[in-house]
Amino acid sequence: MQHTLTDTAAGRTSAARATDDALYRKVTRRIIPFLFVCYVVSFLDRINIGFAQLQLKQDLGFSDAMYGLGAAVFYIGYVLFEVPSNLLLAKYGARRTFIRIMLLWGAASVGMMAIATPTQFYVLRFALGVFEAGFFPGIVLYLTYWYPPLRRASVLSYFFAGVAVAGIVGGLVSGWIMRDMAGVLGLKGWQWMFVIEGSPALLLALIAYRYLDDYPQDARWLTTAEKARLAANLGSGQAARRSAGASLAACLRDPRIYLYSLPYFALTGAALTLSFWMPLMIRDFGVRDVMQVSLYSVIPYTIGALGVLLLARAADRHRRHGAYFAGCAVAGALALAALTTHPSSLVVALGLLSVAAVALYSGLPIFWAIPTAHLPPDMRAGGIGVISSLGTSAGIVAPWAIGQVKTATGSMDGALLGLGVLLVASAMVLLAAQRGAKEAA
């Protein structure tokens with residue numbers, strides 16, 4: 001009799017899991033591809049300055065320090081406006097928030113083609129940061145309206161694979177644009193790159209108006225039973241729509257917010273270093289043709305994209321997000337340290353860049369599964385915004401500092417070693433912050 005009851009319960013559990021899997025596949029097919037494309041475009045518009053520098057610095061007379069400052073200024077605007085943007089999303093919904101963000105960042109990205117002086121460069125990079133602020137933390141918050149904690153690393157992995165895909169697209173397209181569009185209508189190749197790669201954001205904003213739903217209960221493509229099932233799985237997560245102002249005050253008093261911010265700071269700084277400086281690293285190995293530099297950069301990004309998807313799913317499956325994050329941070333640190341040995345073989349260098357890409361990009365979705373699971377629902381809008389703002393401030397520090405170091409010494413070795421030490425420390429901090437934390441819905 002006991003066996004029969006146990007088997008029946010197991011059968012019900014298995015059936016419920018299969019039902020949930022089918023439901024989340026439906027949700028994923030609907031919302032993830034569109035948001036993925038938007039995120040690829042946003043990240044490409046953020047990092048294509050890394051490819052533009054191969055021509056822009058010479059054409060405009062910018063030094064490495066000027067370029068590094070311009071790359072960093074983006075993140076000043078980004079950090080200042082991340083939290084307000086996320087609070088507006090909690091209040092007014094994802095659709096209106098994402099439309100505003102995409103229209104403004106698209107216009108700023110296209111406007112980069114008109115820069116002629118360092119001041120114009122800094123102003124437009126700052127504006128791009130202000131306009132794009134809130135897009136990624138908005139995605140993280142938006143996904144908590146649809147997915148329970150144990151599914152979040154897997155679904156977020158698509159977006160961090162998008163970071164790698166943006167690198168692939170940039171590698172394949174940016175080099176071609178800069179080489180083959182140079183001189184068309186009197187514009188430089190890097191000017192055409194900003195126009196062509198910035199324009200899709202404007203079109204995506206118009207599509208978002210018709211396509212996105214703010215919450216599951218607004219989705220006409222879900223049945224009543226499916227909406228109820230999503231709500232049941234999220235439980236108290238529906239409370240995320242409560243007063244965002246109160247949640248922000250609570251977040252600023254919560255020490256865990258600051259503990260979570262350090263690992264995100266370290267990982268973001270290392271990942272951005274890879275994105276901004278990889279083309280120059282490859283060129284320093286003797287690859288001079290801008291198209292070849294772009295094509296070689298595709299290799300680490302492609303391997304990184306595959307690694308993100310596999311490792312994030314493994315972390316969800318084994319329910320050991322902290323351990324997986326620590327492994328990614330340490331592996332990334334070792335890869336960056338190994339690059340300072342200046343391997344003579346381009347193959348070895350690309351291998352180390354690929355290991356770094358897998359480790360650093362994989363650590364990002366795994367990281368976000370931890371605070372979104374442990375923060376109470378009414379603290380998520382503010383908490384995600386604060387953690388993202390503090391962590392993303394690495395984008396202010398890292399490009400500027402590396403630009404200064406490279407201008408002063410002619411080498412990035414000291415900066416890479418410093419990032420490695422910070423990554424190892426961040427792994428220990430995250431494990432300490434996670435220990436004893438109670439999971440929320």
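## The largest pocket

The largest pocket of the predicted model has a volume of about 720 Å³. Its lining is made up of 22 residues. Nearest the centre of this pocket lie D21, Y24, L150, R151 and D316.

Three helices each supply at least two residues of this lining: helix 1 (2–47), helix 7 (152–180) and helix 13 (290–318). Helix 1 provides the largest share, with 7 residues. By residue class, the lining of the largest pocket comprises 10 charged, 9 nonpolar and 3 polar residues.

## The second largest pocket

The second largest pocket holds about 220 Å³ of space. The residues that line this pocket are M281, D284, F285, L339, H342, K406, G410, S411, M412, D413 and L416. In terms of class, they divide into 5 nonpolar, 3 polar and 3 charged.

Two helices, helix 12 (255–284) and helix 18 (413–434), each contribute at least two residues to the lining of the second largest pocket.

## The nonpolar surface patch

A nonpolar patch on the surface is formed by I76, L80, F81 and F126. Together, these four residues present about 330 Å² of accessible area. Helix 3, which spans residues 64–92, gives the most to the patch, with 3 residues.

I76 is a member of this patch and lies in helix 3. Is I76 buried, partly exposed or exposed? Its relative accessibility is 33%. A residue is termed buried under 20% and exposed over 50%, with partly exposed in between; I76 therefore counts as partly exposed at 33%.

## Residue G351

G351 is placed in helix 15, which covers residues 346–374. The relative accessibility of G351 is 32%, and the residue therefore counts as partly exposed.

How far apart are G351 and D213 in sequence and in space? Along the sequence, 138 residues separate G351 and D213. In space, the C-alpha to C-alpha distance between G351 and D213 is 42 Å.

## Summary of the main features

In the predicted model, the largest pocket, of about 720 Å³, takes the largest share of its lining from helix 1. The second largest pocket, of about 220 Å³, draws at least two lining residues from each of helix 12 and helix 18. On the surface, I76, L80, F81 and F126 make up a nonpolar patch, to which helix 3 gives the most.

Technical notes. Residues numbered from 1 in each chain as written. Predicted model: local features only at pLDDT ≥ 70, side-chain atom pairs only at ≥ 80, totals over all residues. Heavy atoms only, no water. Patch = residues over 30% accessible without salt bridge, like charges linked within 9 Å, V, L, I, M, F, W, Y side chains within 5 Å. Areas by Shrake-Rupley, 256 points an atom, 1.4 Å probe, with all protein chains shown as cover. Salt bridge = Lys/Arg side-chain N within 4 Å of Asp/Glu carboxyl O. Helix = DSSP H or I, 4+ residues; strand = E, 2+ residues; numbered from the N terminus. Buried < 20%, exposed > 50% of the residue type's maximum accessible area, 1.4 Å probe, protein only. 1 Å grid on protein atoms, 1.4 Å probe; cavity = no way out; pocket = protein on both sides within 12 Å on 5 of 7 lines; lining within 4 Å. Points joined across faces, edges and corners; volume = space filled by probe spheres on them. Nonpolar A, V, L, I, M, F, W, Y, C, P; charged D, E, K, R; others polar.
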